[in-house]
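These notebook entries record what I looked up in one structure. I began with the packing of helices and ended with the ligand.

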Amino acid sequence: MRIEIESLSKVYPNGHRALSDVNLTIESGMFGLLGPNGAGKSSLMRILVTLQEYTSGKITIDGLDINKHRKKIRTLLGYLPQDFTYFSKLKTWEFLDYAARLSGKKRTKDRMNAVSTMLEQVGLFQVRNRMANKLSGGMKRRLGIAQALIAEPKMLVIDEPTTGLDPEERIRFRNILSDLSQKDVVIILSTHIVGDISSTCHNMALLHQGTVAFDGAPEALIKNVKGHVWQLQVNDQEFSFLKEKYPVISTIPSQGKWEIQVLAENVEGYHAINIEPNLEHAYVYFMENNLNVPLM
Ligand code: ADP
């Protein structure tokens, strides 16, 4: 499975340019689309799932032009939008059965098998008889992924996967996706939360103001920031001074002081330890540089 996006642009009727000359190749496995709010992620997702037209460029999915083969491409798709809250007055299993019916599974026996397997896979078998609208937030999100998966999509698009989930549910959700990524399926996660990507995606793109600012493995982005992340302990006064001077990435109270991490070429005059960067550091570094805040 392979998605090719060439010179894609999207200009909304009000003249706003949401995407500008986007070029990306996305292959089977987990792909992270990271960027701040307004970067153009949802616009790109909606275009990929054929819910929105684009202005210029070309997209092919498994060699099929998205404009010429909409119907066929829709049979390959699973989509979990950010605001997936539609749950009619159906039991959890009935809701999935309904989704299976929509996806074209006609035989009752096939549907029942698919529904049971899916309920097990997302950990909802125990609550299969509960009304879907009475599930917890995390369970609803899992039911959302189950309805997208029951059609056995070759391309799964998930917008803001972990919004509103508690840490335990986040991990659970990521594990479900990791299992899926073993198959010949493209899974695109669009998010502004770095943690959603660092632990799961082998490839990613960073969108910024409608353009691709980075495309590659998370490790390649992290490499940029090597040697620039410093950890140090400071008092209140030093903290106030330093945060004016450098981008501060994390702050933890520690024995009446603060343990902070800053991005800088060098932190002179302090006992600072250079630490191994992670994707969060790399993302902040990138955003700071793009916003033209010089690192000192
Ligand atoms: P993201 O998902 O990264 O937050 P979006 O794709 O939602 O970004 O939005 C990208 C930009 O396009 C934003 O500036 C947003 O305000 C604008 N935008 C989104 N949808 C529309 C629309 N229907 N009409 C006009 N502008 C829009």
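**Entry 1: H3 and H4**

I found that H3 and H4 are oblique to each other, working throughout from a predicted model. The angle at which H3 and helix H4 (residues 108–121) pack is about 125°, and their axes are 9 Å apart.

Next I listed the residues in contact. On the H3 side they are Thr92, Trp93, Leu96, Asp97, Ala100 and Arg101, and on the H4 side Arg111, Met112, Val115, Met118 and Leu119. Sorted by class, the contact of H3 with H4 comprises seven nonpolar, one polar and three charged residues.

**Entry 2: H3 and H5**

I then turned to helix H3 (residues 92–102) and helix H5 (residues 137–149), whose axes come within 9 Å and cross at roughly 30°. H3 is therefore roughly parallel to H5. The crossing in which H3 passes H5 is right-handed.

Which residues of H3 meet H5? I recorded Thr92, Phe95, Leu96 and Ala99 from H3, facing Leu143, Ala146 and Gln147 from H5. The residues of this contact of H3 with H5 are five nonpolar and two polar, with no charged residue.

**Entry 3: H5 and H6**

For H5 and helix H6 (residues 167–180), I read that the axes come within 10 Å and cross at roughly 15°. The two helices, H5 and H6, are therefore roughly parallel to each other.

H5 contributes Gly138, Met139, Arg141, Arg142, Ile145 and Leu149 to the contact, while H6 contributes Glu169, Arg172, Phe173, Ile176, Leu177 and Leu180. I counted the classes for the contact of H5 with H6 as seven nonpolar, one polar and four charged residues.

**Entry 4: the ligand**

How many residues surround the ligand? I found 13, of which the closest are Gly38, Gly40, Lys41, Ser42 and Ser43.

I then looked up individual distances to oxygen atoms of the ligand. For lysine 41, a polar side-chain atom lies 2.9 Å from a ligand oxygen atom. For glycine 40, the atom concerned is a backbone N or O atom, which lies 3.0 Å from an oxygen atom of the ligand. For histidine 16, an N or O atom in the side chain is 3.0 Å from an oxygen atom of the ligand.

Technical notes: Residues are numbered from 1 along each chain as its sequence is written. This is a predicted model: local features need pLDDT of at least 70, side-chain atom pairs count only at pLDDT 80 or more; totals for chains, interfaces and linings use all residues. Side-chain values use heavy atoms; hydrogens and water are left out. Axes are lines fitted to C-alpha atoms, for helices over the stretch in contact, and angles run from 0 to 180 degrees between N-to-C directions. Helices (H or I, at least four residues) and strands (E, at least two) are DSSP runs, numbered from the N terminus. Angles under 35 degrees count as roughly parallel, over 145 as roughly antiparallel, 65 to 115 as roughly perpendicular and the rest as oblique. A crossing is left-handed if the near helix is turned anticlockwise from the far one by less than a right angle, and right-handed if clockwise. Contact means heavy atoms within 4.5 Å. Ala, Val, Leu, Ile, Met, Phe, Trp, Tyr, Cys and Pro count as nonpolar, Asp, Glu, Lys and Arg as charged, and the others, Gly among them, as polar. A residue is near a molecule or strand if one of its heavy atoms lies within 4 Å of it. A polar contact is a pair of N or O atoms within 3.5 Å; within protein, one must be able to donate a hydrogen and the other to accept it, and residues adjacent in sequence count only if both atoms are side-chain atoms.
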